[in-house]
Amino acid sequence: TQLLEQSPQFLSIQEGENLTVYCNSSSVFSSLQWYRQEPGEGPVLLVTVVTGGEVKKLKRLTFQFGDARKDSSLHITAAQPGDTGLYLCGGMRGSRLTFGEGTQLTVNP
Amino acid sequence: DSGVTQTPKHLITATGQRVTLRCSPRSGDLSVYWYQQSLDQGLQFLIQYYNGEERAKGNILERFSAQQFPDLHSELNLSSLELGDSALYFCASSVVGGGSTDTQYFGPGTRLTVL
């Protein structure tokens with residue numbers, strides 16, 4: 001049983017479209033971290049959200065932590081081919097980071 | 001470049017063999033984590049060390065073991081290898097080894113192929 005469920009698993013869109021990726025759990029986390037991973041490389045941290053209801057923006061990316069600190073979303077506005085990659089959410093409890101299975105995003109020019 | 005280094009980048013071996021993967025954390029980081037990433041299981045936490053001591057254990061098989069040395073580098077030993085052990089193995093490091101804002105920096109990974 002996956003502690004963190006990410007949806008959708010795969011997403012293929014055209015350049016300029018908007019998209020939202022969801023990360024859901026029945027467990028409470030002290031923080032939720034979003035990573036992006038490109039083929040052949042390790043995951044790279046995009047953002048950490050800590051407070052319930054927190055919203056963080058990183059250029060065209062908007063991250064939100066649910067009020068109950070059990071879920072999170074990542075919204076990308078006007079997606080570009082450079083946004084292509086595997087997006088992973090990770091829930092932190094103590095020292096342990098548990099990852100969802102990821103969302104493979106492909107942005108076509 | 002995260003500052004975490006892993007060697008080797010690729011490793012091809014046969015079933016039943018034993019291999020050692022090496023990780024050097026970022027300068028100043030005391031904690032090292034090992035993860036396994038496969039197509040069907042995603043990124044799975046294996047084990048964490050903090051300043052030489054084991055701190056947390058995840059889904060690590062008994063055939064696998066790890067240690068962190070006084071200079072803080074870490075090694076992951078995989079023995080009696082099976083086809084299913086083929087995966088990407090990542091090392092990550094962080095400063096304090098836990099806490100809501102503790103950031104884990106990932107290395108480039110070692111791709112293990114067991115034939």
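Select β5(B) and β6(B) in this predicted model: the two strands run antiparallel and are joined by four bridges. Within the pair, look for B:Tyr50, whose bridge partner in β6(B) is B:Glu53. The hairpin has two residues between its strands, and B:Asn51 takes a positive phi there, near 50 degrees.

Now select the whole interface. On chain B there are 26 residues in contact with 22 residues of chain A. The two chains bury about 1,600 Å² between them, and 52% of this lies on carbon and sulfur atoms. Then pick B:Leu43, B:Ser100 and B:Phe106, which supply 30% of the area that chain B buries against chain A, more than any other three residues.

Colour the side of chain B that touches chain A by residue class: eight residues are nonpolar, 13 polar and five charged. How many residue pairs are in polar contact across the interface of chain B and chain A? The rule finds four, with both residues at pLDDT 80 or more. For salt bridges across the interface of chain B and chain A, the rule finds zero.

**The four-stranded sheet of chain B**

Select β1, β3, β8 and β7 of chain B, which form an open sheet in that order with antiparallel pairing. Its edge strands are β1 (5-7) and β7 (64-68), each of which pairs on one side only. Neighbouring strands are turned by 15 degrees against each other on average, direction ignored.

Inside this sheet, go to β3 (residues 19-24) and β8 (residues 74-78) of chain B, which pair in the antiparallel sense over five bridges. Pick B:Val19 and find its bridge partner in β8(B), B:Leu78.

From edge strand β1 of chain B, step to the loop between β1 and β2 (10-13) of chain B, where B:Pro8 is found. The peptide bond from B:Thr7 to B:Pro8 is cis, with omega near -10 degrees. Most peptide bonds are trans.

**The five-stranded sheet of chain A**

Switch to chain A and select β1, β3, β8, β7 and β6. They form an open sheet of five strands in that order, with antiparallel pairing. Which strands stand at the edges? They are β1 and β6 of chain A; each has a single partner strand, so one side of each is left without a neighbour in the sheet. From one strand to the next, the twist averages 15 degrees.

A:Lys57 has A:Thr62 in β7(A) as its bridge partner.

**Loops of chain A**

Select A:Pro8, in the loop between β1 (5-7) and β2 (10-14) of chain A. The peptide bond that joins A:Ser7 to A:Pro8 is cis, with omega near -10 degrees.

Next is A:Arg69, in the loop between β7 (61-65) and β8 (71-76) of chain A. Its phi is near 60 degrees, a positive value in a residue other than glycine. Most residues other than glycine have a negative phi.

Then show the side chains of A:Asp83 and A:Arg60. They form a salt bridge, with the closest N and O atoms 2.9 Å apart. A:Asp83 lies in the loop between β8 and β9 of chain A and A:Arg60 in the loop between β6 (55-58) and β7 of chain A, so the pair ties together parts that are 23 residues apart in sequence. A search of the whole structure finds seven salt bridges over all chains.

Finish with β9 (residues 85-93) and β10 (residues 96-99) of chain A, which pair in the antiparallel sense over four bridges. Select A:Gly90 and look across to A:Phe99 in β10(A), which stands opposite. Two residues lie between the strands of this hairpin, where A:Gly94 takes a positive phi near 65 degrees.

Terms used: Residues numbered from 1 in each chain as written. Chains lettered and ligands numbered in written order. Predicted model: local features only at pLDDT ≥ 70, side-chain atom pairs only at ≥ 80, totals over all residues. Heavy atoms only, no water. Pairing = 2+ DSSP bridges. Axes fitted to C-alpha atoms, helices over the stretch in contact; angles between N-to-C directions. Contact = heavy atoms within 4.5 Å. Buried area = accessible area lost by both parts, 1.4 Å probe. Salt bridge = Lys/Arg side-chain N within 4 Å of Asp/Glu carboxyl O. Polar contact = N/O pair within 3.5 Å; in protein donor to acceptor, adjacent residues only side chain to side chain. Nonpolar A, V, L, I, M, F, W, Y, C, P; charged D, E, K, R; others polar.
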